[in-house]
Amino acid sequence: MSITSSLLQLPLSQFKSLNITTPFLHGSSPTSTALMRKPSFSLSSRHPPLPTFLPPIRAMKSMQGRVVCAINDKTVSVEVVRLAPHPKYKRRVRKKKKFQAHDPDNQFKVGDYVQLEKSRPISKTKAFVAVPIVSKRGPKPKEVVPPELGILFESQQT
């Protein structure tokens, strides 16, 4: 005979007299609030030792963009395009922003792609230095044409 079948044979009056009491059944009692208080010791009092050297946090090291204005002396205006999700539609859309960058040699023209490196503030609006990018679509290497072998095609033979 198993345990479950023996429990089924017991009279129901025996289960009704069973009284289960816990402070959490019918709201809180003074004993239950004592159980749920914050601990008396403070976790914030034990701080781990801080390292002696903390590296600076550099969130934006460099950006890439296209020069849109190169009229000013030693200054270029660079347009940086980034993709960001639309707040409502969650589709990625292009966001454009223009930055002023320092060009000490006036080497960049409109349409050049440059990399903006963060630097100390040079003026009120300039805090970047423009650095040239080696273009991925640069000039292709010329194909080496092998010299003729001296063999004539059938159409060239007479």
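# Briefing: a five-strand barrel in a predicted model

In this protein, 5 strands close into a barrel in the order β1-β2-β3-β5-β4, with mixed pairing; two strands count as paired if DSSP finds at least two bridges between them. Neighbouring strands of this sheet are turned by 50° against each other on average, with direction ignored; the axes behind this angle are lines fitted to C-alpha atoms, for helices over the stretch in contact, and angles run from 0 to 180 degrees between N-to-C directions. The structure is a predicted model, in which local features need pLDDT of at least 70, side-chain atom pairs count only at pLDDT 80 or more, and totals for chains, interfaces and linings use all residues. Residues are numbered from 1 along each chain as its sequence is written, and side-chain values use heavy atoms, with hydrogens and water left out.

**Overall composition**

- The protein has 3 helices and 5 strands, where helices (H or I, at least four residues) and strands (E, at least two) are DSSP runs numbered from the N terminus.
- Read from the N terminus, the order of elements is α-α-α-β-β-β-β-β.
- The protein contains 158 residues, of which 14% count as buried; buried means under 20% relative accessible area, exposed means over 50%, and partly exposed lies in between (1.4 Å probe, protein chains only).
- Among contacts with a separation of 6 or more, 44% are between residues 24 or more positions apart; a contact means heavy atoms within 4.5 Å.

**Strand pairing**

- Strands β2 and β3 run antiparallel and are joined by 11 bridges.
- Within this pairing, Val81 stands opposite Lys96 in β3.
- Strand β3 (residues 92-102) pairs with strand β5 (residues 126-132) in the parallel sense, over 3 bridges.

**Nonpolar core**

- In soluble globular proteins, nonpolar side chains tend to be buried together.
- The largest nonpolar core here has 12 residues, namely Met63, Val67, Val76, Val78, Val80, Phe99, Ala101, Phe108, Val114, Leu116, Phe128 and Ala130; such a core is a set of buried Ala, Val, Leu, Ile, Met, Phe, Trp, Tyr and Cys residues joined through side-chain atoms within 4.5 Å.
- Two or more residues of this core come from each of β1, β2, β3, β4 (113-118) and β5.
- Strand β2 gives the most to this core, with 3 residues.
- Met63, one of the core residues, is in contact with Val80, Phe99, Val114, Gln115, Leu116 and Phe128, leaving aside its neighbours within four places in sequence.

**Salt bridge**

- The structure holds 1 salt bridge, defined as a side-chain nitrogen of Lys or Arg within 4 Å of a carboxyl oxygen of Asp or Glu.
- The side chains of Arg66 and Glu79 form this contact, at 3.9 Å from N to O.
- Arg66 lies in strand β1 (residues 62-69) and Glu79 in strand β2 (residues 75-85), so the pair ties together parts that are 13 residues apart in sequence.
- Arg66 is partly exposed, at a relative accessible area of 32%, whereas Glu79 counts as buried, at 18% relative accessibility.

**Arg92 in strand β3**

- Arg92 belongs to strand β3 and is exposed, with a relative accessible area of 56%.
- Not counting residues up to four places away in sequence, Arg92 touches Leu83, Ala84 and Pro85.
- Arg92 and Arg82 are 10 residues apart along the chain, and their C-alpha atoms are separated by 9.5 Å.

**Loop residues with positive phi**

- Lys90 lies in the loop between β2 and β3; the hairpin of these strands has 6 residues between them.
- Lys90 has a positive phi near 60°, although the residue is not a glycine, and it counts as exposed at 59% relative accessibility.
- Asn106 is placed in the loop between β3 and β4, where it takes a positive phi of about 50° without being a glycine.
- Asn106 is partly exposed, with a relative accessible area of 34%.
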